[in-house]
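Let's take a walk through this one together. Have the viewer open and follow along.

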Amino acid sequence: MTEQSNWHKLGNVEALKKKPLQQLEINRTKIALIYRNGNFTAISGVCNHAGGPLGDGRIEGDYVVCPWHYYKFHTETGKGEPGFEDDRVPSYPVKIENDFVWIDLTAGTSRHKLHHPPHPLTRPLERAPGPLRIVGISTTVMDVRNPRVSTSELLLEEALKHGAECGYETRLQKIRELQFRHCEGFYSKSSHACTWPCSITQMDTNDQLDRIYEDIIYWADVMLIATPIRWGSASSLYYKMAERFNCIQNQITLRNNQLIRDKVAGFIITGGQDNVQSVAGHLMGFFSELGFHLPPFPFIAHSLGWSMENMEHNVRYVQKSHALAEAAKELLDRCVDLSGALVEASSPYKIHHRAGRKAYDAEKHHDK
């Protein structure tokens with residue numbers, strides 16, 4: 001081999017054939033080395049989508065499946081799966097000499113990324129002119145075909161009705177009516193695997209959580225979250241939704257990209273059990289970490305307490321309670337007062353570099 005040769009020794013054949021797929025790095029070039037049907041092949045170890053390590057994925061038929069978001073590339077040609085052949089990663093010549101595997105880092109084929117129009121959730125953060133806008137998000141779990149009374153939703157509807165009467169635009173989102181996948185833990189694979197927009201939103205056209213992203217990031221000035229108390233916690237549906245908001249907070253950590261700006265959050269919490277302060281504490285801590293502002297007294301709550309779980313009485317009490325209805329309206333008023341001040345003062349927006357428990361530059365903190 002000449003000094004100008006770009007061939008590099010990878011290792012002993014017997015050692016390398018023990019793994020059907022492995023990620024290697026040679027002179028800063030990341031390679032996915034494949035051993036299949038008695039032959040070695042190699043393609044780039046960098047996925048076209050978000051840079052995932054293809055060599056850490058899996059083999060599925062003739063394709064390497066990226067471990068981050070499951071994009072597929074042919075084990076020999078690097079081409080995408082059927083229908084996406086033009087979305088390809090480089091492939092590299094491989095040979096065996098004297099029981100050693102060699103690779104030519106001069107790629108046999110080039111990388112080509114298919115053009116995709118920008119996702120609607122990537123547009124600039126601009127508030128459209130108009131009156132204050134309020135989105136109410138109900139997280140009560142129930143069978144949509146067999147509805148029951150939700151006390152937290154009752155109070156949320158009172159607040160939104162009051163807002164409409166005051167001339168504000170309002171929307172009610174019932175999370176139980178939306179089809180969306182749970183968070184699949186992309187962040188646990190790599191912080192860079194948790195993307196904005198959410199990887200699930202990008203990949204699954206049937207995933208409807210984009211409606212909530214749209215409302216809380218672009219449309220609404222005020223967000224009211226309503227949740228029942230379930231065994232001392234917020235509803236399971238609330239947590240399913242909240243986990244999918246990790247992509248919002250992760251943008252602050254990795255990109256200094258604060259998506260929630262000059263927005264206000266308030267909370268309505270009801271239940272047959274106590275633990276109001278714990279549920280409220282979680283809600284306030286979580287949404288303030290996303291960038292929401294909290295008004296004075298940012299939540300209202302009602303609970304019968306641990307020793308009085310007479311739920312029929314509880315529903316009737318909330319339905320007839322003038323005090324709770326007024327409290328819901330007053331919560332909205334407090335949120336609107338703060339929101340109006342923020343909207344009026346917003347020009348231009350100041351980025352608050354990284355926040356809360358993730359107040360560091362993730363790129364500078366690596367295990368040694």
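F186 is buried, with a relative accessible area of 4% (buried means under 20%, exposed over 50%, partly exposed in between, using a 1.4 Å probe and protein chains only). Before going on, note that this is a predicted model, where local features need pLDDT of at least 70, side-chain atom pairs count only at pLDDT 80 or more, and totals for chains, interfaces and linings use all residues. Residues are numbered from 1 along each chain as its sequence is written, and side-chain values use heavy atoms, with hydrogens and water left out.

Now for the aromatic pairs (Phe, Tyr and six-membered Trp rings with centres within 6.5 Å; planes under 30 degrees apart are stacked, over 60 edge-to-face, the rest tilted). The count comes to 10 aromatic pairs. In one of them, the ring centres of Y70 and F186 are 6.0 Å apart with planes at 50°, so the pair is tilted. Y70 sits in the loop between β6 (63–65) and β7 (72–74) and F186 in helix α3 (residues 186–189), so the pair ties together parts 116 residues apart in sequence. (Helices are DSSP runs of H or I with at least four residues, strands runs of E with at least two, numbered from the N terminus.) Y70 itself is partly exposed, at 31% relative accessibility.

Y238 and F287 make a tilted pair too, 6.4 Å centre to centre with 50° between the planes. This pair links helix α6 to helix α8, 49 residues apart. Y238 counts as buried at 0% relative accessibility, and F287 is likewise buried at 0%.

Of its 54 residues, I216, M241, I248 and F287 touch the most other members. Apart from it lies another core, of 21 residues, including I134 and V264.

What about α8 itself? Its buried residues are V276, V279, A280, L283, F287, E289 and L290. They pack against β13, α6, α7, β14 and β15 (299–303). Just after the helix, G291 takes a positive phi of about 115°.

Last stop: an open sheet of three strands, ordered β1-β10-β9 with antiparallel pairing (two strands pair if DSSP finds at least two bridges between them). β1 (7–12) and β9 (94–97) stand at the edges with a single partner strand each, so one side of each has no neighbour in the sheet. β1 pairs with β10 (residues 100–104) over five bridges, and K9 stands opposite W102 in β10.

How values were computed:
Core = buried A, V, L, I, M, F, W, Y, C linked by side-chain atoms within 4.5 Å. Contact = heavy atoms within 4.5 Å.
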